[in-house]
Amino acid sequence: MLEFWAVVIVLTGAVLAQILPALTRPNAFVKSNANAEKRAIFRQQFDEIEQDKINGVLDATQYDIAKSELKRRMLDEVGLAEVEQATVTKNLPDRRLALILLVLLPVLAVFIYFKIGSPASIVGPTPNQLALERNAMAGDVEPLLETLKRKLEKDPGDGTGWALLARTYVELKRHADAVPFYEKAVKAIPNDPQLLADYADALAVVNGYNLAGKPEELANQALKLDPHHTKALLLAASAAFNRKDYKGAIVLWERLQQDLPADSDILPVVKASLSEAYALSGIKPPLPSANPVPSAQKEAPATGISGTVTIAPALFSKLDPAATVFVFARAAQGSPMPIAVIKTTAKDLPYSYQLDDSTALMPGNKLSQASEVVLVARISKSGDAKLQAGDLQGKSATVKPGDKVDIEINEVVQ
């Protein structure tokens, strides 16, 4: 209790030290700028989601899911306390008010404490309080998830929708609920290594973190599509180690160690796992290279798609320079929903475009995770992303992330 009152006295003194100078001296300024950067980032992301809804890129259900997910991320990153915007106020001297506050503030603090206070109130949110807050957030999301389920039942081939539903349940720590939706997503999109790895991870959690059986099969299937997929390598290596296939685990962990940048958070874990696998296998680890190549000099895997959008000469007469041009990538199989999208105006044609993870429509569905995509360039007379008669468009053949692809707009939508 003595410690509590000591804290009260110190905090009261600190408050008075901040307030009194502002009241007794002119031109004093008070500034508060907590988490302003994070607020700005989240505000921008909310604006982008709103704009995508207006442009028709997201329907009402997808918009609600994306917005709820962004709210959850804001809760996790900013915390439960309300973030205040920066304010600046100029104060004129008021010595009488300063004297009143000097006497009144400590008295009021003690009075309010004895009326409604408790020493426990100085403790931050408990784990139970945080859990209740997240459960309340889950309650807000649940009706949206049910709406999305009903929509997907009418369109079971929408792999992107099933994946979004599954990943949302994982974020809510409901892995058992996520598993059947991952299964549906994988049936619709069988060649997505990220989706396979996520499915394996969720299934392992449900099985008590046991990777034996189907989780390992899924991880190996992902590695056949992308031998350097980080999550799949982690899962497959751990599965091999658990069944005492130390040589197989070493091969996978060595590959992952070479792929990871020097500042990776998981690199120390991979190195420790490798050391243990070498020790148990009796295999001598390779000697370090005399002239190792810095990770910064390693060629980064190509995950973006770039090229030039042009319009066929026969369509010049139909071109409105003010019309909106959408350039987007969508999965070659499964949902027609765009993975990455950018827009410009027809007056900028020919237009050099770049699609990558920074232009992803949804945070959990990135271009780098796709195996094969089709590119579409569309001139929309209405400015709406939804395909309408009279729009001009062109499509590419099936391509892979990392390719350079030129697109010619050469047809009128009937």
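Is Asp 52 buried or exposed? I found Asp 52 buried, with a relative accessible area of 17%; buried means under 20%, exposed over 50% and partly exposed in between, with a 1.4 Å probe and protein chains only.

A note on ground rules: this is a predicted model, where local features need pLDDT of at least 70 and side-chain atom pairs count only at pLDDT 80 or more, while totals for chains, interfaces and linings use all residues. Residues are numbered from 1 along each chain as its sequence is written, and side-chain values use heavy atoms, with hydrogens and water left out.

**Entry: Asp 52**
I placed Asp 52 in helix H2, residues 36-54. Helices here are DSSP runs of H or I with at least four residues, numbered from the N terminus. I also looked up Leu 361: it is 309 residues from Asp 52 in sequence, yet the two are 8.4 Å apart in space, C-alpha to C-alpha.

**Entry: Asp 198**
My next stop was helix H8 (residues 193-206), where Asp 198 lies. Asp 198 is buried, at a relative accessible area of 10%. Which side chain does the side chain of Asp 198 make a polar contact with? I found Lys 231, at 2.7 Å. A polar contact is a pair of N or O atoms within 3.5 Å; within protein, one must be able to donate a hydrogen and the other to accept it, and residues adjacent in sequence count only if both atoms are side-chain atoms. Setting aside neighbours within four places in sequence, I listed Arg 167, Tyr 182 and Lys 231 as in contact with Asp 198, contact meaning heavy atoms within 4.5 Å.

**Entry: helix H9**
H9 (residues 214-225) has 12 residues and reaches 17 Å from first C-alpha to last, close to the 16 Å expected at 1.5 Å a residue; the expected span is 1.5 Å times one less than the number of residues. I noted Pro 215, Glu 216, Leu 218, Ala 219, Ala 222 and Leu 223 as its buried residues. They cover an arc of only 160° around the axis, which puts them on the same side of H9; the arc is that of the directions from the helix axis to the C-beta atoms. These buried residues pack against H8, H10 and H11. Turned away from them is a face with the exposed residues Glu 217 and Lys 224.

**Entry: helix H12**
What do the buried residues of H12 pack against? I found helix H10 (230-242) and helix H11 (246-259). The buried residues of H12 are Leu 267, Val 270, Ser 273, Leu 274, Ala 277 and Tyr 278. Down the axis of H12 they fall within an arc of 135°, so they line one face of the helix. On the face turned away, I saw the exposed residues Pro 268, Val 269 and Ala 279. Just after H12, Gly 282 takes a positive phi of about 80°.

**Entry: aromatic rings**
I searched the whole structure and got five aromatic pairs. Rings of Phe, Tyr and Trp (its six-membered ring) pair if their centres lie within 6.5 Å; planes under 30 degrees apart count as stacked, over 60 as edge-to-face and the rest as tilted. Phe 241 and Tyr 246 have ring centres 5.3 Å apart and planes at 65°, so this pair is edge-to-face. Phe 241 and Trp 253 have centres 5.8 Å apart and planes at 55°, so this one is tilted.

Notes
Helix = DSSP H or I, 4+ residues; strand = E, 2+ residues; numbered from the N terminus.
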